[in-house]
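Let's take a friendly walk through a few local features of this protein. Please have the structure open as you read.

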Amino acid sequence: MNVFDVLKERGFVYQSTDETELRHMLETERVTGYIGYDPTAESLHAGNLVTIMMLAHLQRGGHRPLAIVGGGTALVGDPSGRSEMRQMLTKEKIASNLVGIRGQLSRFVEFDDSETGAKLIDNAEWLEKLHYIEFLRDIGRYFAVNQMIKAKGYAERLEREQGLSFIEFNYQILQAYDYLVLHQRYGCRLQMGGADQWGNIVAGCDLVRRVAGAGAHAVTVELITTSAGEKMGKTAAGAVWLSADRTSVYDFYQYWRNVDDRDIGRFAAIFTFKDMQEVRELGRTDGKTVDEINAAKEELAVAVTALVHGEEAALQARDSARAMFGAAGDLTNAPTTEVSRDRLETGVSVVDLLVETGMLPSKKEARRKIEERGIHVNDEMVSDHHRVITMRDFDAGYAILRVGKKSRRRLLAT
RNA sequence: GCAGGGGUGGUCGAGUGGUUAAUGGCACCGGGCUGUAAACCCGGCAGGCGACAGCCUUACGUAGGUUCGAAUCCUACCCCCUGCACCA
C-alpha cells in the first residue's frame, strides 16, 4: 500500500492535492517530502506528534523525510490564525531550541545519508542569505498580491483593519520559497502539515511548478481533538511535552492511559505504528469487558510512551501507574518527593506538602480540596486542615499522598 | 478623518454609584455513581494568612479625577467593531 493510502487509512489526511497523481508518484518514485516545525520551544509537544508520525510513515514507506525547522521563518512569525502579530524569537533562542527538537525527532525517523535517510534542515541557512532585489526579481514575480490577500489568514487581518505588517505578509512567500529550495536541493515534491498551513503549502506547490516545472504535492492533517472536543495534548497543567524534563514519563503515560474510550482507536491509528487490524481491535469497545477496555488503554499508553521515551521507560511508567492505582507493583519510578526525617519528627502539614510537591498551586487550594474530601494519605481521607504527616505514616516505607483520583505522589523519608 | 457601538475573571457573557470578588453558561477541579472511561447528580473555582468566625492584598482596556464609596460618573490615551467620507 502506498504511503498516501496508509496515511489516509489511519486518519491523517484532511486535504491533499490530486490523489491520483499523489498515489502514482508515491508508487513509482522515491519521494522526498517535508514538514516544517516551529522552533518556538526547546521541546515539541504531543500535538506535534501527529506530523512527526507522518514523517515516520513516509520513511517507512521507502521515501525520504525532511524535517525543516523554521529558524528563518520563526524570525518572521506566521500570522495564520493569529489575531496579533506574533512575538519574534531571538536567533540564540532558536538555535538552542533546534538542538532539543533534533533529539526528539531522531526517535521517530532515521537520520543518515542513505537514500531514505531523514534530514533536519534549518531554513535560516538560505533565508538569511537572501538578497532582497534578487529575491524580488526571481521569486516575487510569481506572487500575485491580489491572490495572496484572498488567503484566509491575510484576508481576516485586512478586513479588521487591524493592520498586517509587511514582514508578516511575507511569511507565505518565505514558506513557499522553502519548498522551492528543498525541491532544488533535494528533489522534494511533497509537503505535509497542519490544515492551517494549507494556504502556505499550496503557495509552495505553485511556486515549484512555475519555477521548476515539476509537480509538487501537499497533504494536510486536521487539528486532532479529543472526543470531548478539546485540543489533543492539553491538560489543566498545560501542554503535554515530549521532553521528560517538562512532562514526566509517568505523566505522559497517564495522559494516554486516561483517554476517552471513544478515542482509543483513533489515537492508536495516529500515534502508534500498530497495524490497522490491531488498531481496530484496540479501539473496539462494544462487547468488551471493562478490564479489556482498560487493557486496551494501557496498550495504547505503553505504545505511545515507548515511541517517545523508549520501551523500558514506558513499561516502568505502566508499572508505576499500576502500583499507584492499587495493584501490586513497583513504585520505584512513580512520581516521588523526598521529605527529610527531621521535618517528619515534628510533623509536616498536609497542606504544605501538597503545595511543596506541586500537586496543588496554593495552600488555599489545598485547604479547599481537604474540605471537598479530595485529599487522601495512604488511602485514608484527610478531614482536618491541620493534619500533619509524621513517620507513623511511613510504615510501608513510603507514604502516598493523593489529590482526587488520578494525581498521586509517593513520599519518601530521607 | 467623522459618527455610532464596544473593551469585565481561562472563555462566552450579565451588571451601569453602595451586602459586587462581581449573576449565568462553557471549560477546569473535587465528591457521588463507575472502569484511573462517558453520561448524569452535588460542590468548588483571584491570591495570601487563619483559632475552620474572620482578616489582608490585588481585579472589570491604560492613566488620572469626582465621591464617604466606582466595573458603574468625568478627562485623556490605547485597541476593536459598524456606518460614512478620503484614497480610485
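In which helix is Leu136 found? Leu136 is found in helix α6, in what is a predicted model. With a relative accessibility of 40%, Leu136 counts as partly exposed, because that class lies between the buried cut-off of under 20% and the exposed cut-off of over 50%.

Leu136 also belongs to a surface feature you can pick out on screen. Together with Tyr132, Ile133 and Phe166, Leu136 makes a nonpolar surface patch of about 460 Å².

Next, have a look at the backbone. Arg373 is not a glycine, yet its phi is positive, at about 65°. You will find Arg373 in the loop that runs between α19 (363-371) and β11 (375-377). Asn378, also a residue other than glycine, has a positive phi near 50°. Asn378 sits in the loop between β11 and β12, the latter being residues 380-381.

Are these two residues buried or exposed? Arg373 has a relative accessibility of 55%, so it counts as exposed. Asn378 has 33%, so it counts as partly exposed.

| Residue | Phi | Relative accessibility |
|---|---|---|
| Arg373 | about 65° | 55%, exposed |
| Asn378 | near 50° | 33%, partly exposed |

Key: Residues numbered from 1 in each chain as written. Chains lettered and ligands numbered in written order. Predicted model: local features only at pLDDT ≥ 70, side-chain atom pairs only at ≥ 80, totals over all residues. Heavy atoms only, no water. Patch = residues over 30% accessible without salt bridge, like charges linked within 9 Å, V, L, I, M, F, W, Y side chains within 5 Å. Areas by Shrake-Rupley, 256 points an atom, 1.4 Å probe, with all protein chains shown as cover. Salt bridge = Lys/Arg side-chain N within 4 Å of Asp/Glu carboxyl O. Helix = DSSP H or I, 4+ residues; strand = E, 2+ residues; numbered from the N terminus. Buried < 20%, exposed > 50% of the residue type's maximum accessible area, 1.4 Å probe, protein only.
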